[in-house]
Amino acid sequence: MTAETDLIKLYSGRILELAADIPHLGRLDAPGATVKKRSPLCGSTVTVDLTMEDGRVAAFAQDVKACALGQAAASVVGGAIIGRTAEEIDTARDALREMLKQDGPTPPAPFDGLEVLRPAAAYKNRHASIMLTLDAASEAAHQAEAARTA
C-alpha cells in the first residue's frame, strides 16, 4: 500500500465529520484568558478563549485555522471541555501526546473521542496541529485560574 493511500485512509469519514462540525467556534467577548498556538510545520493556528468559575471551564470559544486533523481534535475538545478542570485538560493533553508519540492509551473520558486520531500517530508532521487546541486550552485554563486567584 502506498503512503498516499494511507494518508487518504487517515482522513476517515469520522474525522471529516468532526472537522465539519466544531463546537464553540468564534471568540468570547470577555474571556478570563486567551491563548493562541501555532504549528510552525504546517502553519495551523488555534486561538482559545475561556473563562473559569469554581475551578472549572465555564465558557469556551475557539478560532481554528487548521488541517482536518487539527479541526477534528478541536471538535472533540470543544464538545468535552465545558465543566472540566485545568488538571483534567492537562491529563487529556498529556494522554493525547502519549497516544500519538508512543501508542499510549486513549485520553480519558470525556476526551476519549480523540481516539479517532490514533491513525495519525504515523504522521509526525501532523502531531503539532492535532495538539494545538489542548495545548492552548491547558495554558488558558491555568492563566484564567491564576488571574482569578491573583
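Which residue in β3 is the bridge partner of L50? The legends below give the answer along with other close-up views.

**Basis of the views.** This is a predicted model, in which local features need pLDDT of at least 70 and side-chain atom pairs count only at pLDDT 80 or more, while totals for chains, interfaces and linings use all residues. Residues are numbered from 1 along each chain as its sequence is written, and side-chain values use heavy atoms, with hydrogens and water left out.

View 1. The bridge partner of L50 in β3 is F60. Helices (H or I, at least four residues) and strands (E, at least two) are DSSP runs, numbered from the N terminus. Two strands pair if DSSP finds at least two bridges between them; β2 and β3 pair in the antiparallel sense over nine bridges. Their hairpin has two residues between the strands, and D54 takes a positive phi near 55 degrees there.

**View 2. Strands β1 and β2.** Strand β1 (residues 33-38) runs antiparallel to β2, and six bridges join them. A33 has L50 of β2 as its bridge partner. This hairpin has six residues between its strands, and G43 in the turn has a positive phi of about 85 degrees. Buried means under 20% relative accessible area, exposed over 50%, and partly exposed in between (1.4 Å probe, protein chains only). Strand β2 (residues 45-53) is largely enclosed by the rest of the structure, because eight of its nine residues are buried.

View 3. Side chains of opposite charge can pair when their charged atoms come close. A salt bridge is a side-chain nitrogen of Lys or Arg within 4 Å of a carboxyl oxygen of Asp or Glu; by this rule the count is twelve. One of them joins the side chains of R14 and E17 (3.2 Å, N to O). Both residues lie in helix α2 (residues 13-20), three residues apart, about one turn of the helix. R14 is partly exposed at 46% relative accessibility, and E17 is partly exposed at 49%.

**View 4. A salt bridge between a helix and a strand.** The side chains of E88 and R56 form a salt bridge (3.4 Å, N to O). This pair links distant parts of the chain, with E88 in helix α4 (residues 86-102) and R56 in strand β3 (residues 56-65), 32 residues apart. E88 is partly exposed at 30%, as is R56 at 38%.

**View 5. D90 and R93 in helix α4.** A salt bridge (3.8 Å, N to O) joins the side chains of D90 and R93. About one helical turn separates D90 and R93, because they are three residues apart in helix α4. D90 is buried at 14%, and R93 is buried at 18%. Salt bridges with shared partners join D90, R93, D94, R97 and D135 into one network.
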